[in-house]
Amino acid sequence: MSHSTLLTSLENGIFTITINRPDKLNALNKDVFADLDNVIDEIQNNPSIKSAIITGAGNKAFVAGADITEFNGLDKAGAMALATKGQDIFFKIERSAKPIIAAVNGFALGGGCELAMACHFRVASDNAKFGQPEVNLGLIPGYGGTQRLTQLIGKGRSIELLISGSMIDAATALQYGLVNYVVSPDELLPKAKAILTLVNTKAPLAIAACIQAANAVYDSTSNGYATEINAFGNCFATEDMKEGTSAFLEKRKALFTGK
Ligand code: COA
């Protein structure tokens, strides 16, 4: 499927999604949201895709935020509808059964930082910059940023970033635990792909269960420990669990089928 605002490629089970509006620093407008919504469905539905990377086109920005030009003339109800739409798409990323990671290649501001935080984890290039500058516009984040930033870096650091609108560099993001690795721009996609190449050798249903159980920590409507017990039990009903344990006992490499 082609998407007007995204470039996509599939290699060795890794689907790379590049947000492609470099002249607007890949700002998230309605078209990008519609394309992202479709592409996340494509990730779930295409059995050739095992995991995915989201990155930005050009060497300057991952995503520099929601497209501010689209805020013009929005009233309260329109703004709430926009935030709901953005949150729904980012929940879809966060709840994806297949891992989706962000390769942050420059500015990740506002909705861009929120997009990166909705991914399962983040790898950054050393020129990356993170921030929630909405207060500069008389706004707050609307796509889950107040929640996920606080989950990821703790309340004190999160509130400081939210109320100051300040950016942090990649080294600080690493120190805060916002990103897992910082590498040079040339190494960014190779690093992300190397991580997913390893992940792609693991049992897909177990991967999905790990994501579901880890998400349950932050879901006030579910008990994470009960989710874990249930998911652990479900694994015992899979062929992959029989294959994994047999392969270990037979001292051979497991070959998982996702069944
Ligand atoms: N929405 C819409 N357009 C945006 C954008 C956004 N969030 N961020 C950047 N752009 C556009 C600029 O308007 C400019 O377009 P133009 O060439 O047609 O004038 C183009 O992208 C390049 O950006 P520019 O500001 O010229 O680059 P810079 O290197 O001087 O500054 C930033 C980079 C990221 C610091 C600056 O673009 C910025 O502050 N962007 C807004 C960040 C923000 O507030 N995001 C949260 C939105 S809720």
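Predicted model: local features only at pLDDT ≥ 70, side-chain atom pairs only at ≥ 80, totals over all residues.
**Note on the ligand site and the domain interface**

1. A nitrogen atom of the ligand sits 3.0 Å from a polar backbone atom of Ile68.

2. Taken alone, the ligand exposes 860 Å², and the protein buries 60% of that.

3. The shell around the ligand consists of 17 residues, and the closest are Lys24, Lys60, Ala64, Ala66 and Ile68. Sorted by class, this shell holds 10 nonpolar, 5 charged and 2 polar residues.

4. On the overall layout, the chain is split into domain 1, covering 6-199, and domain 2, covering 204-249. The centres of the two domains, taken over C-alpha atoms, are 26 Å apart.

5. How many residues of each domain take part in the contact between domain 1 and domain 2? On the side of domain 1 there are 9, and these touch 5 residues of domain 2. The area buried between the two domains is about 540 Å², with 65% of it on carbon and sulfur atoms. Within domain 1, the residues that lose the most area to domain 2 are Glu94, Ala97 and Gln151, which together make up 57% of what that side buries.

6. The side of domain 1 that touches domain 2 is evenly divided by class, with 3 nonpolar, 3 polar and 3 charged residues. Despite the charged residues on that side, the count of salt bridges between domain 1 and domain 2 is 0. For polar contacts between the two domains, the count is 1 residue pair, with both residues at pLDDT 80 or more.

Notes:
Residues numbered from 1 in each chain as written. Heavy atoms only, no water. Domains from an automatic or database assignment. Contact = heavy atoms within 4.5 Å. Buried area = accessible area lost by both parts, 1.4 Å probe. Salt bridge = Lys/Arg side-chain N within 4 Å of Asp/Glu carboxyl O. Polar contact = N/O pair within 3.5 Å; in protein donor to acceptor, adjacent residues only side chain to side chain. Nonpolar A, V, L, I, M, F, W, Y, C, P; charged D, E, K, R; others polar. Near = heavy atom within 4 Å. Areas by Shrake-Rupley, 256 points an atom, 1.4 Å probe, with all protein chains shown as cover.
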